[in-house]
Amino acid sequence: MPASVTRRKTKNRNDEVKITPLLREFIDEYAPSYEELSREWKDIDIEGFSKEKRLWDFQVEAIKFAIRALYYYYAVKNADKFSFWEEFKYYCLERYDLDIDELLSIKASDREVFSILSSFFPSIEDKISFGNFCNRMGFWMATGSGKTLLIVKLIDILATYMERGLIPKKDILFLTYRDDLIEQFERHFAEYKFSISRTPKLFELKDFGKAKELNDFLVFPVFYYRSNNIKDRQGDKTLDFKDYDNKGNWYIILDEAHKGDKESSKSQQYFSILSRNGLLFNFSATFTDVRDILTTVYEFNLSSYIREGYGKVLRIFDENIKLSGKISEDSPDFDREEKEMIFLKILILLTYLKKKSRELRANKELMVEYHSPLAVFLGNSVNIDDSDVKLIFERLRFLSSKKGFENYFNGNDFLKAKESLINSIPIHPLDEDNDPRFDKNELYTVTPDDVLREVFNADTPGEIEIITSNSGKEFAVKLMTSDKPFALVKVGEAKRLAEMLVREFGLRVQERFENIEYFANLDEHDYVNMLIGSRAFYEGWDSNRPNIIVFVNIGTGEDAKKFVLQSIGRGLRIQPTKNGNRKRLEMDKRFRRYIDIIKPIETLFVWGTKKDVIQKIVEGVKTLKESSGTQVSLYKNEPRIANNRIFIPVLVKVPAQNDLDTIQRFHPITLSENDYTDARNVVMSMSDEMLYFMFFLKSKNAVRKVGLLREIFDEANKEKYFIIERNTNKHIGWYSAIRAVVKAIEREVGYKYELALSSEDEEHIQHYKRILIKLPEKTTERISESIKKVYHGQRRQSFEPVVGENRNDLLIRFLEEHYYVPVLEALNREAVGDKILDIVKEKSEIDFIEELITVSDKFTVDWWLFSKIVERKDKVFVPYRTKEGEEAYFYPDFIFWFRKGSKYLVAFVDPKGTEHADAERKIDGFEELFVENNTPKKLKTEEYEVKVRLFLYKSNKSIQTPKKYADYWLNSIDDFVKRVNQEFEADW
């Protein structure tokens, strides 16, 4: 593949366009939403994994995009690669003026790649069209985002769809480039609860022939191998890809498979060949190739990962900027004194972080189990005279000795280092906040004795001694004045390095006879405050503890840049509570008053000991930010809100023991006649014990649920609990039919919804704080500046071009009655597309706002306000039952608040004119919660009485609505005003 790129000149202009995940935007626009897919495509558990694990929201979203892409490719395009390619190519050209055919085609000038591919794919005018390879989708996901869990879930989905005949039957092959990643995959595979009728079983690819010969209809084979061992020749461990061609009928799943040896580029071509009649799924944290980026169907890279609160906030110390005037060919590095100062600052900051961590964990109200901070030193070379690991060791040995402590800690150098750290303004490449995320006053109070206690686990300085390990793969380091090690060295040949250090520095060695491996259990050994190692160990390591990462002589090449980004990704992991939420506590308003304690522990501080390395780190991180977009914030309309209350209806699940409630709430499930009959026969013929083991193992209230399953399948209840589809060829089989009923029972048993009102509006309406703009930097800056000008009153509104110049693609305007300001409206929806997320885009919404402005003074109330609602980003919704009986959430386009005296009306308004049958199901869901005896419930809170109403617009005014639902439909904006005013005029 060609060199990495993230920008390209457009076809007709000289300005640059960012290369972003356009396949995601294409699928989001052309494919139905997940909720709109037919039952056989979505009758699958997309959240569950195992008894202990469920997928996070962003992982579920990735699965939904994968399913939508599969649906579009197979159900809509019938797996016609070139029809799909023509459509995608046209989309990129029209929307982005980007000629991807020219950009992505394989040219004869790229001799090695061209020669491999030309044997399998046709070339025209010395070019192979990328249309041959468009049967692929990428998942650009940060290190630590759980890619392996997604991969196992994807395998289950592919297997299920093959069973149902939704996608062609092909073999599945998982490839990754390291043995530890294969072992991780095997663990998750064994842990996962598959939903297919056959038993999934893993086989090495080299056993492909044997596995196929078994022809065991009870086993579903899944193959795996090291990606960097797929070659064009056979060897002891290497396989010749041609021997496993399988006529190109593979679903191939790659996990970081572009890494490994220098032949990785050739291997990519082999994967494309093997999957030419199937699909290629590519998972990575570090996409840099334009082909990988453009064909990404879901992006949750490092920038998105931090932005959504799943990782620590990043701060990079910029010594290289301050010393840039000294950089020359003769002096590309910091001198010894500068390096000593950097080490002092790291020790001071680590001391401060250790103290804050203890304060955080001791807080009885917070009740969190946050990690003990760790500083990680990553070097490039090991076991040579001037190895990076040896240099780190030498610095620490000197600083912790009596002489070093006297020279550096008890003199001006310590004070100088502390003041330098306090006055630092770290780079914040992924956010706009200048906050260094440490308390300068508290940092100033750190003493040399604090450093000894917190970092070196000692009361006095002393000589270093080495503690060996039984494995010879690590050794611990402690002061002779302490009883606990403070550092761990983890390198490939730890034993040899330890021997070299002992010889050179005359160190004492403490043999360890008990079988303790610190590295494997580092989270438990919280007195180990430093981890020193080479880049090799860090790629396979998971821990929440790093708060400081120091890159030592890593280099500045492409491989080094990828390693730096991946290492930062690993260091960003966070988990405030054991087996609990992985989001930062600072994102939760409940913990805001503890923000000064929380912030430092939820930060990853980065240093580099070479000046140009730091610049590469910053550039690499900023590239990720550009690919995932720039976040801008709008402003809460505080002057308009003033002292008025913003009540949000909140639905809380509470325990319910009444089975009658469950049965009454049970929504009929749609099945074919054959599926119903087969499923009923199985349920009625099985013993309770067998039903328990097959469907309710480890489930709460299992006995009650088995009884409910039998009652639902009782022939007398057939019409009550099932909608039978006759004359249909769609079959899901008895197992999936029973699973559908079991899934509904699991949803219904043991809980009910209770209604409450929350005045914590910022917890429920959040999308305006993170508006994502995926446009070139200059365009983004111009839009951001216009937002500020409109907010500060320099303009009432501003029309902005998104594509080209002198166009009115985007309207930014100040709406006095809106919850946040300004409001962004996509006047040219095609131009704006998904380049600006979570703004007003639908024509029905824009028209509604225009009409609302004309009647804003006709509401006979004391005060009113409204807000746009964004699906899934905001927590304002109404649960209801879909046609298939599944619980879904209805997110209205707008929420309104009206106050007259002590009376409040909260109104959900959806102006887009939804499909009537669907709308009636949403109304049923609303009535179940907000209506009692055909009258809106009155909710009392503080000194107010609150009612909640729902209003929908008719898309076709000639359609007659059933009388039961007539009150919910509006014909015009005047009708809306009239209804609101009548609410307050009528008997409340």
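In the predicted model, Asp 97 is buried, with a relative accessible area of 10%. A residue counts as buried when this area is under 20%, so the 10% of Asp 97 places it in that class. Asp 97 lies in the loop between α4 and α5, the latter spanning residues 100-104. The phi angle of Asp 97 is near 55°, which is a positive value in a residue other than glycine. A positive phi is also found at Glu 125, where the angle is about 50° although the residue is not a glycine. Glu 125 belongs to the loop between α6 (111-117) and β4 (127-128). Glu 125 is exposed, with a relative accessible area of 72%, whereas Asp 97 is buried.

Lys 237 is located in the loop between β9 (230-231) and β10 (239-240). Its relative accessibility is 61%, and Lys 237 therefore counts as exposed, the cut-off for this class being over 50%. Beyond the residues up to four places away in sequence, Lys 237 touches Tyr 225 and Asn 229. Tyr 225 is 12 residues from Lys 237 along the chain, and the C-alpha atoms of the two are separated by 9.9 Å.

Arg 584 is also a loop residue, placed between α22 (558-571) and α23 (595-601). With a relative accessibility of 7%, Arg 584 counts as buried. A polar atom of the Arg 584 side chain lies 2.9 Å from the backbone oxygen of Ile 306. Residues up to four places away in sequence aside, Arg 584 touches Ile 306, Gly 309, Tyr 310, Gly 311, Lys 312, Val 313, Tyr 370, Ile 574 and Glu 602. In a further loop, between β32 (820-821) and β33 (823-826), lies Pro 822. The peptide bond leading from Val 821 to Pro 822 is cis, with omega near -10°.

In helix α16, which covers residues 402-409, the residues Gly 404, Phe 405, Tyr 408 and Phe 409 are buried. Viewed down the axis of α16, these buried residues fall within an arc of 100°, so they line one face of the helix. Lys 402 and Lys 403 are exposed on the other side of α16. An α-helix has 3.6 residues a turn, so residues three or four places apart point the same way. In helix α1 (residues 22-30), the buried residues are Leu 22, Leu 23, Arg 24, Glu 25, Phe 26 and Ile 27. The elements that cover the buried residues of α1 include α3, α4 (81-96), β5 (136-141), α11 (290-294) and β13 (296-300).

Helix α3 (residues 57-76) also packs with helix α7 (residues 147-164). Two packed helices are described by the angle between their axes and the distance between the axes. For α3 and α7, the angle is about 35° and the axes are 11 Å apart. The crossing of α3 past α7 is right-handed. On the α3 side, the residues that meet α7 are Gln 59, Ala 62, Ile 63, Ala 66, Ile 67 and Leu 70. Their counterparts in α7 are Leu 150, Lys 153, Leu 154, Ile 157, Leu 158 and Tyr 161.

Leu 70 is also in contact with Leu 279, a residue of strand β12 (residues 279-284). Leu 279 counts as buried at 3% relative accessibility. Its contacts, with neighbours within four places in sequence left aside, also include Tyr 73, Tyr 74, Asn 135, Arg 136, Met 137, Trp 250, Tyr 251 and Ile 252.

Asp 450 is part of helix α19 (residues 448-454). It is buried, with a relative accessible area of 9%. The side chains of Asp 450 and Lys 355 are joined by a polar contact of 3.3 Å. Apart from neighbours within four places in sequence, Asp 450 is in contact with Thr 351, Lys 355, Thr 445 and Val 455.

For the protein as a whole, 37 helices and 43 strands are found. Of its 988 residues, 60% count as buried. Among contacts with a separation of 6 or more, 73% are between residues 24 or more positions apart. The protein exposes about 41,700 Å², of which carbon and sulfur atoms supply 46%.

Methods: Residues numbered from 1 in each chain as written. Predicted model: local features only at pLDDT ≥ 70, side-chain atom pairs only at ≥ 80, totals over all residues. Heavy atoms only, no water. Buried < 20%, exposed > 50% of the residue type's maximum accessible area, 1.4 Å probe, protein only. Helix = DSSP H or I, 4+ residues; strand = E, 2+ residues; numbered from the N terminus. Arc of directions from axis to C-beta. Polar contact = N/O pair within 3.5 Å; in protein donor to acceptor, adjacent residues only side chain to side chain. Contact = heavy atoms within 4.5 Å. Areas by Shrake-Rupley, 256 points an atom, 1.4 Å probe, with all protein chains shown as cover. Axes fitted to C-alpha atoms, helices over the stretch in contact; angles between N-to-C directions. Left-handed = near helix turned anticlockwise from the far one by under 90°.
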